[in-house]
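User: Can you walk me through this one? I'd like to go piece by piece.

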Amino acid sequence: MIKFDKELFKENVHEYMKLLYRKTLDEASEQQIFQAVALSIKNTIMDNWMDTHKEYEARDVKTVYYLSMEFLIGRALGNCIINLKENKEIREAIDELGLNLDVIEDEEPDPALGNGGLGRLAACFLDSLSTLGYAAYGCGIRYHYGMFKQVIDNGYQVEKPDDWLRDGYPFEIKRAEYAKEVKFGGYVRMIRDDQGRERFIQENYNSVLAVPYDLPIVGYGNGIVNTLRIWDAEAINTFMLDSFDKGEYQRAVEQENLAKNICKVLYPNDNHYAGKELRLKQQYFFVSASVQRAVAKYMEKHNDIKKLYEKVCFQLNDTHPTVAVAELMRILLDEYYLTWDDAWEITNKTCAYTNHTIMSEALEKWPVDLFSRLLPRVYQIIEEINRRFVLLIMNKYPGDTGKVERMAILFNGQVRMANLAITAGFSVNGVARLHTEILKNQELKDFYQTFPEKFNNKTNGITQRRFLLHGNPALASWISGKIGDGWITNLSEIKELTRFTNDEQSLKDFMHIKYQNKLKLTAYIKEHNGIDINPDSIFDVQVKRLHEYKRQLLNILHIMHLYNHLKKNPDMEFYPRTFIFGAKASAGYTRAKAIIKLIHSVGEVVNQDPVIGNRIKVVFIENYRVSNAEIIIAAADVSEQISTASKEASGTGNMKLMLNGALTLGTMDGANVEIVEEVGIENAFIFGLSSDEVIQFEQQGNYNPKEIYENDPELRLVIDQLVNGFYSPENTELFRELYQSLLQPLGGARADQYFILKDFRSYEAAQKQVEIAYQNKNSWAKSALLNTANAGKFSSDRTIEEYVKDIWHLEKVKLS
């Protein structure tokens with residue numbers, strides 16, 4: 001394990017500055033300084049990175065390949081410095097160079113490789129795998145522009161390219177020697193070899209070259225450096241001069257255009273056929289390249305492909321990478337000439353699937369015509385998997401045609417990817433205890449009855465190194481001063497903080513740190529939003545992907561209700577509240593984008609009303625991402641986790657906020673259930689329908705939101721304000737779709753699908769409890785500290801150890 005050399009580091013900064021820019025430090029721009037410092041840090045970890053992989057090879061350890069469409073890793077510079085455990089020495093070196101590390105860190109763009117909780121979870125898992133010393137590759141796509149950079153224009157979300165690669169990204173290394181060809185389209189021809197065996201050849205296809213770029217994932221203080229491998233697409237024949245000379249200008253560059261489009265953006269709008277096709281291309285592109293390389297790497301050191309599963313595990317992070325099942329079968333059948341049964345056995349023992357959604361409509365499905373045209377050989381293999389699986393179902397459940405309809409991989413003109421993953425994998429896990437039980441008893445009940453041994457739970461976690469040690473350094477330092485720094489790699493030790501919950505000075509110190517973080521967020525909001533907020537107010541935070549089931553709409557409707565009360569009773573007792581939102585809506589999700597506009601429209605009215613003053617402020621943080629999440633989370637008093645019960649698989653924002661001393665205001669949904677178990681219901685604010693009640697209403701179809709609307713005048717006023725011009729005087733129809741979604745949706749959809757009106761009064765009562773509780777400063781401080789002290793279960797280190805024990809069976813590696 002190589003140690004940090006301060007003098008060498010300083011020399012490297014000067015040398016990189018000279019080599020890259022022909023400048024001295026005092027002549028360089030801040031971005032140029034970032035590049036030179038980042039490259040010097042990368043140089044510092046390079047020996048450990050190489051030594052890690054040499055050790056893996058020498059010990060021939062099993063490796064997990066974590067296949068994910070997203071890796072929301074956040075800025076790398078600060079995280080690398082912390083995990084090197086050389087923060088003090090590196091800061092000293094940078095100070096001696098006359099530079100400011102905080103300014104340098106702000107020059108790094110957030111790598112636009114993910115969007116929401118799925119990608120952040122994947123990043124936390126990679127951090128934990130390195131810190132715990134397990135061999136792993138993260139495998140994804142090198143998106144050139146990410147999902148999008150969110151810009152708010154007159155309250156509307158506008159999607160702009162997130163050009164994070166504009167200046168180059170110093171932490172990545174291009175590995176062209178590991179490039180793989182990925183084929184699309186064409187047709188499949190069957191031939192027989194010399195021994196009379198069937199062989200399948202894909203012909204007349206288009207193809208691209210998948211080129212890997214490796215990013216280091218540094219373990220905390222142990223010298224282990226794993227790899228995030230993101231694949232970029234290049235044309236195999238960049239420019240066809242012959243076609244150009246014939247005047248076929250479009251054909252001359254078509255391969256180049258195909259390659260460019262694959263990696264441009266994360267989750268292209270799939271409201272049209274071309275968007276669906278591009279999404280499927282993306283998924284197959286990175287999966288095929290990853291599986292090809294994993295098999296090739298295994299065969300470099302082994303000569304028996306039939307034992308692949310002993311050294312390789314593919315973990316499918318949701319349904320996006322499920323095509324890995326068929327791609328592995330293709331490689332085993334067509335390139336290694338195995339029999340179907342042998343290939344199927346290997347695949348069964350190599351692939352494992354994590355389900356991240358309860359909602360059946362979110363389980364990925366592809367039109368057969370699109371899938372079979374784009375991936376003809378892969379589709380043939382899926383047809384055969386389906387044929388054999390349907391026979392199994394019919395034999396196990398004779399006469400039960402309903403089972404076949406629900407469980408078949410191919411049905412009603414669709415390829416059902418979750419069904420493929422469950423059928424082919426050896427493990428199926430949910431991501432919170434409640435979520436897993438709902439999968440077993442509701443959404444995937446048929447599969448659980450058929451394969452009960454496959455199902456297990458792995459409650460999600462977060463890395464405390466990113467979201468406490470790096471994101472909240474003042475609190476991290478205070479905790480280490482109280483209980484030592486063992487919590488950094490063993491978060492269960494943070495439980496020791498409970499010893500200080502009755503110590504008045506400790507509580508004051510804890511809340512003073514919270515207040516300083518609130519001042520920092522106050523300054524950020526002033527700079528970026530131009531809004532003056534009161535740091536003494538309750539910071540009520542809801543930051544997460546915008547989806548109707550997450551119920552940002554419930555939150556803003558309640559704010560409208562509070563505003564009505566204050567306007568009617570301006571002298572009423574009311575503790576000041578600052579409501580802070582951060583969320584991106586998918587580009588094609590019009591209703592979610594309308595909620596963003598509503599939040600801004602309400603904010604414009606409320607924030608400028610002199611009668612209200614500073615008692616209510618509404619703030620929407622533009623372009624929510626990891627770097628500003630750290631600022632927001634450290635400052636939060638209240639953690640809004642208000643999804644409709646039974647809809648949120650787990651959530652991880654709830655864990656980050658809990659760890660930083662925010663109290664949960666939420667439903668008994670996802671991991672909230674386990675958070676409440678850990679911290680005690682008296683240290684959270686729980687409201688709303690239970691998951692069983694929601695499921696019962698959905699099954700019986702007897703929920704009538706219009707009845708609530710008609711019998712609750714105050715709530716009716718709030719709903720009517722969506723369409724009477726109160727918040728949109730220039731266009732009374734602006735929020736008509738939101739209004740209709742609650743009372744009379746078009747197209748036969750269920751009114752108030754996510755039970756906003758049903759839960760409204762319960763939510764209001766919980767919010768009132770928050771207001772009362774916050775005014776008892778000592779009691780609130782104790783509850784806040786107890787939240788931090790009881791967050792030990794929710795470390796991704798614990799989650800990864802469970803994956804290793806129950807699914808992956810990896811060997812722990814230590815560097816000398």
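User: What's the strand order in the open sheet of 3 strands?
Analyst: The order is 13-15-14, and the pairing is antiparallel. Bear in mind that this is a predicted model.

User: Which strands are at the edges there?
Analyst: Strand 13 (365-367) and strand 14 (410-411), each of which pairs on one side only.

User: And how many bridges between strand 13 and strand 15?
Analyst: Strand 13 and strand 15 (residues 414-416) are joined antiparallel by 3 bridges. Trp 366 has Val 415 of strand 15 as its bridge partner.

User: How many bridges join strand 18 to strand 21?
Analyst: Strand 18 (residues 538-543) and strand 21 (residues 638-641) run parallel and share 2 bridges. Val 541 sits opposite Ser 639 of strand 21.

User: Where is Ile 612 found?
Analyst: Ile 612 is in the loop between helix 23 (590-607) and strand 20.

User: Buried or exposed?
Analyst: Ile 612 is buried, because its relative accessibility is 2%, and buried means under 20%.

User: What does Ile 612 touch?
Analyst: Leaving aside residues up to four places away in sequence, Ile 612 touches Tyr 563, Leu 566, Lys 567 and Val 606. The C-alpha atoms of Ile 612 and Leu 566 are 7.1 Å apart, although 46 residues separate the two along the chain.

User: Switching to strand 12. Which way do its residues point?
Analyst: In strand 12 (residues 351-354), Cys 351 and Tyr 353 point one way while Ala 352 and Thr 354 point the other way, and all are buried.

User: What does strand 12 pair with?
Analyst: Strand 11 (residues 312-317) pairs with strand 12 in the parallel sense over 4 bridges, with Cys 351 as the bridge partner of Phe 314. Strand 12 also pairs in the parallel sense with strand 16 (residues 427-430), over 3 bridges. There, Thr 354 is opposite Asn 429 of strand 16.

User: Now helix 27. Which residues are buried?
Analyst: In helix 27 (residues 691-700), Ser 691, Val 694, Ile 695 and Phe 697 are buried. They are on the same side of helix 27, because they cover an arc of only 160° around the axis.

User: What covers them, and what's on the face turned away?
Analyst: The cover includes helix 17 (433-443) and helix 31 (756-774). The face of helix 27 turned away from the buried side carries the exposed residues Asp 692 and Gln 699.

User: What comes just after helix 27?
Analyst: Gly 701, with a positive phi of about 65°.

User: Last one: how do helix 6 and helix 33 cross?
Analyst: The axes of helix 6 (residues 117-132) and helix 33 (residues 796-808) cross at roughly 75° and come within 9 Å.

User: Which residues make the contact?
Analyst: Helix 6 uses Cys 124, Phe 125, Ser 128, Leu 129 and Leu 132. Helix 33 uses Ser 796, Asp 797, Thr 799, Ile 800, Glu 801, Tyr 803 and Trp 808. By class, the contact of helix 6 with helix 33 has 7 nonpolar, 3 polar and 2 charged residues.

How values were computed: Residues are numbered from 1 along each chain as its sequence is written. This is a predicted model: local features need pLDDT of at least 70, side-chain atom pairs count only at pLDDT 80 or more; totals for chains, interfaces and linings use all residues. Side-chain values use heavy atoms; hydrogens and water are left out. Buried means under 20% relative accessible area, exposed over 50%, partly exposed in between (1.4 Å probe, protein chains only). The arc is that of the directions from the helix axis to the C-beta atoms. Contact means heavy atoms within 4.5 Å. Two strands pair if DSSP finds at least two bridges between them. Axes are lines fitted to C-alpha atoms, for helices over the stretch in contact, and angles run from 0 to 180 degrees between N-to-C directions. Ala, Val, Leu, Ile, Met, Phe, Trp, Tyr, Cys and Pro count as nonpolar, Asp, Glu, Lys and Arg as charged, and the others, Gly among them, as polar.
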